[in-house]
Amino acid sequence: RIQILFELSMMEPMEREFDRIRRGIWAGPHATKPYVEWNDLSRVLTDLVKWAREENNRHKFDEITYNSFKLLLEKAKDDIQKRIKMLGTLTQQDVDIVTVTIIATANMVRVLRNSVADVPRNQFLQVKTGLLDSIMESVSFYHTVSETCRREKHRHPYALTYSPLCYEVMRASLQVICNLCVGNHAVQGAVWHRLYPVMFTKLLNSSDRTVKNYVCSILFHCVAWSASTHLEKIFITNAGKEIVKLCVGLAEQPNSLEWAQILIEGLICADKFIELHQLCDKTTLVCTLLEILSEKINTTVSPTKKKMFGEIESAVPVTTFLFLAKIISQKKNQLVKMAIGQEEDEGGEVLRILHLLGDATGMDNRFERLRNNTPFLECIMNTLNTINCKKPIKFDMPGKDKVVPDGTFMIRRELIRLITNMCAGNKHHQDKVRIMGGVETILCHCVVDKQNPFMPQWGIMAVRMLTEHNNENQNIIRNLRNEGVIQDDELQKLGIEVKISGGKPRAAVIHPEPTNSDNNNPEE
């Protein structure tokens, strides 16, 4: 002991405190007391948390150190467990001891978390010494303590202070588990065996958002990649399905959790969108799922996500959109009824899918199987023809300046957008649209309609794509006859009138007769 004290006196203050823990002076073979002075140890650990962030200091951790930390964690758990069992009879001293012990435990776990950053050897040692098992046990234990204290808070108000402290331990513990799971299949298997499904479910139902976020992070590293051995299992068992639904709910806006969204993106990239959709079908979660998919394909993949997902895994499989195209084909009749105002799109699912397919088909060289899907093009063209047959678009449609927030909003525009994208540079599809009478139908939609914003622009673009390098479709345009001019009320209000001059339409400025109000106010 004299030799140990001499060596400690020659060290820097933080190194001295670190070595005291390592040698087991707080708890272990060289302990000076039969119990742990948690108050003093807590102050030491607070400084060690910062000390362990330095790379040089992280390399000073070894197997003996981790064994000492493991012993301290077990001591802390035993001390708290004894007192929590007698929650109704705790003295003020006991209350203070429990409080400082939990704080010390949180700092211990933070030191362990910082020690493994970019040091694979330390990650291996934490698993080898059984420290990982102790940390997972801590998550379960402190979750139980937290729930117990929440139930007893009305009878014993001091118990209310324990729950936030327990969450601190759980957060740091889950961070350690997540760090050890990254790229380590053996650790992923151990974590999965220990936490799935009971603890995962309990933690995802926790009242602490940070805890739920870190659980989603662990799930991501365990299942959200195509070669994961747990990926299939989570979609087969009822418990696994419930966990996935909870995660989708946590990704719902406006209170979305970052790792919940990353997890769902990872499952989509692992070709599990169909299973996700089946789980969320006929619930509000399906719209959340579609929003995540939309953000995924419309946002440039960040280097961080590429590192997490991998280059190939960061892409959404085309099978996802082929599945969505199949849904639109199955709901064709419903889509027609929605467009003519006979049915509402509850939750907006159908319109969201149409918009997603429009985005996907507009991305060059990414989803060629979708763009070249001729049966789907036939379905879309047939749907637009049917809608226009049952409720034709008219140039002089009354009340077209009023936007009614009903189920017809933007349906025609999205259908034309799909046709435009699928016919771009595709002679076979151009001919297919002509054979189905689609050129005339699309020409009818080159009209302003506030129920379908930007529809004339997409209609003109569709005509361009249909006639590009296609003489047959161009002849249809050439053979159109001039049937006269229909004046637009909006243009006339601006003093503009369209006239035919020399066989071509010309815009002319007109001067409407002054109204009575104008005569009464000559200055205006």
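**Aromatic rings, pair by pair**

Start with Trp259, which counts as buried at 17% relative accessibility, because the cut-off for buried is under 20%. Keep in mind that you're looking at a predicted model.

Who else is tucked away? Phe220 also counts as buried, with a relative accessibility of 3%. Now put these two rings together: the centres of Phe220 and Trp259 lie 5.6 Å apart and their planes meet at 50°, so this pair is tilted. That label follows because a pair counts as edge-to-face over 60 degrees and as stacked under 30. As for where the partners come from, Phe220 belongs to helix α12 (residues 209-223) and Trp259 to helix α15 (residues 258-269), so the pair ties together parts that are 39 residues apart in sequence.

Zoom out for a second. Searching the whole structure turns up eleven aromatic pairs. Another of them is Phe18 with Phe61: here the ring centres are 4.9 Å apart and the planes stand at 65°, so the pair is edge-to-face. This one links distant parts of the chain, with Phe18 in helix α2 (residues 13-22) and Phe61 in the loop between α4 (55-58) and α5 (63-84), 43 residues apart.

Methods:
Residues numbered from 1 in each chain as written. Predicted model: local features only at pLDDT ≥ 70, side-chain atom pairs only at ≥ 80, totals over all residues. Heavy atoms only, no water. Phe/Tyr/Trp six-rings, centres within 6.5 Å; stacked < 30°, edge-to-face > 60°. Helix = DSSP H or I, 4+ residues; strand = E, 2+ residues; numbered from the N terminus. Buried < 20%, exposed > 50% of the residue type's maximum accessible area, 1.4 Å probe, protein only.
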